[in-house]
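Please look at the model below before reading the points that follow. They are meant to be checked against it one at a time.

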Amino acid sequence: MTRILIADDHTIMREGLKQLLANEADLVIVAEARDGHEVLKLIRELDLDVLLLDMSMPGRSGIELIKQVKTEKPRLRLLVLRMYQENQYAVRAIKAGASGYLTKDSAPTQLVSAIRKVAAGGAFITADVAEQLARGAMPDVTGLPHTALSDREYQVFQLLVSGISVSDIADRLNVSVKTVSTHKARLMEKMGIGNQAELIRYALRHRLIEDSADPT
């Protein structure tokens with residue numbers, strides 16, 4: 001029996017996952033979490049096999065949460081759920097300790113297969129993500145500018161290109177506005193980009209945000 005914790009701040013998403021897995025005799029959902037703080041509390045209290053983790057919950061989330069979960073529970077398998085495919089985020093999630101990465105619009109059978117695969121000790125990633133992981137292991141391969149960002153800088157980058165203000169990012173990450181501004185300045189310097197519009201155009205060009213974003 002595979003014991004699962006669902007972590008997603010949307011009630012509808014959690015209910016949908018519970019209905020999807022209800023008829024799978026070998027999979028059981030033992031708890032739900034709405035934010036990163038609940039995730040950490042529950043993994044400390046419960047005996048779990050798989051964590052289905054939304055990457056965009058309030059409070060502690062994303063790469064930072066993955067790293068802490070794996071530090072505290074190294075044997076717990078993590079399957080990351082995200083609204084849309086973004087290979088660079090997937091690569092960072094895998095490097096941080098996730099065992100798989102799946103978009104929320106994936107077919108139900110694919111999700112069930114992914115849970116079983118990671119629970120059995122395997123990895124569930126796309127061919128594109130596997131290629132990027134392989135390229136990252138090659139010392140002479142130069143990646144795109146955004147691949148040189150630290151995990152925190154990349155998190156700030158994604159929030160910026162999604163149209164979120166510096167002050168709102170600071171609230172989300174529970175850090176000061178000055179800290180976020182410093183991350184913003186460093187990431188733009190590393191990427192050789194001079195303003196917000198260029199940053200958004202870069203993200204759209206490399207499919208790092210949804211196409212509905214407006215660079216102007």
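**Notes on the predicted model**

1. Isoleucine 4 stands opposite isoleucine 29 in β2, and leucine 5 stands opposite alanine 31 in β2. Strand β1 (residues 2–7) and strand β2 (residues 27–33) pair in the parallel sense over 6 bridges; two strands pair if DSSP finds at least two bridges between them. Helices (H or I, at least four residues) and strands (E, at least two) are DSSP runs, numbered from the N terminus.

2. This is a predicted model, in which local features need pLDDT of at least 70, side-chain atom pairs count only at pLDDT 80 or more, and totals for chains, interfaces and linings use all residues. Residues are numbered from 1 along each chain as its sequence is written, and side-chain values use heavy atoms, with hydrogens and water left out.

3. Between β1 and β2 the chain passes through helix α1 (residues 11–21), and this β-α-β crossover is right-handed. The term applies if, with the strands pointing away from the viewer, the path from the first strand over the helix to the second runs clockwise.

4. The open sheet has 5 strands in the order β2-β1-β3-β4-β5, with parallel pairing. β2 and β5 (100–103) are at the edges with a single partner strand each, so one side of each has no neighbour in the sheet. On average, neighbouring strands of this sheet are turned by 25 degrees against each other, direction ignored.

5. Helix α4 (residues 87–96) lies across β4 (77–82) and β5, and runs at about 150 degrees to β5. Axes are lines fitted to C-alpha atoms, for helices over the stretch in contact, and angles run from 0 to 180 degrees between N-to-C directions. Contact means heavy atoms within 4.5 Å.

6. How do helix α7 (residues 151–161) and helix α9 (residues 177–191) cross? Their axes come within 9 Å and cross at roughly 95 degrees. That makes α7 roughly perpendicular to α9, a label used for 65 to 115 degrees. Among the residues that meet are Val156, Phe157 and Leu160 in α7 and Val180, Leu187 and Met191 in α9.

7. The chain averages a pLDDT (the predictor's confidence in each residue, from 0 to 100) of 85, and 88% of the residues score at least 70. Over residues 137–141 the pLDDT stays under 50, and the model has 1 contact beyond four places in sequence for them. Where pLDDT is low, the predicted coordinates should not be read in detail.

Definitions and conventions: Angles under 35 degrees count as roughly parallel, over 145 as roughly antiparallel, 65 to 115 as roughly perpendicular and the rest as oblique.
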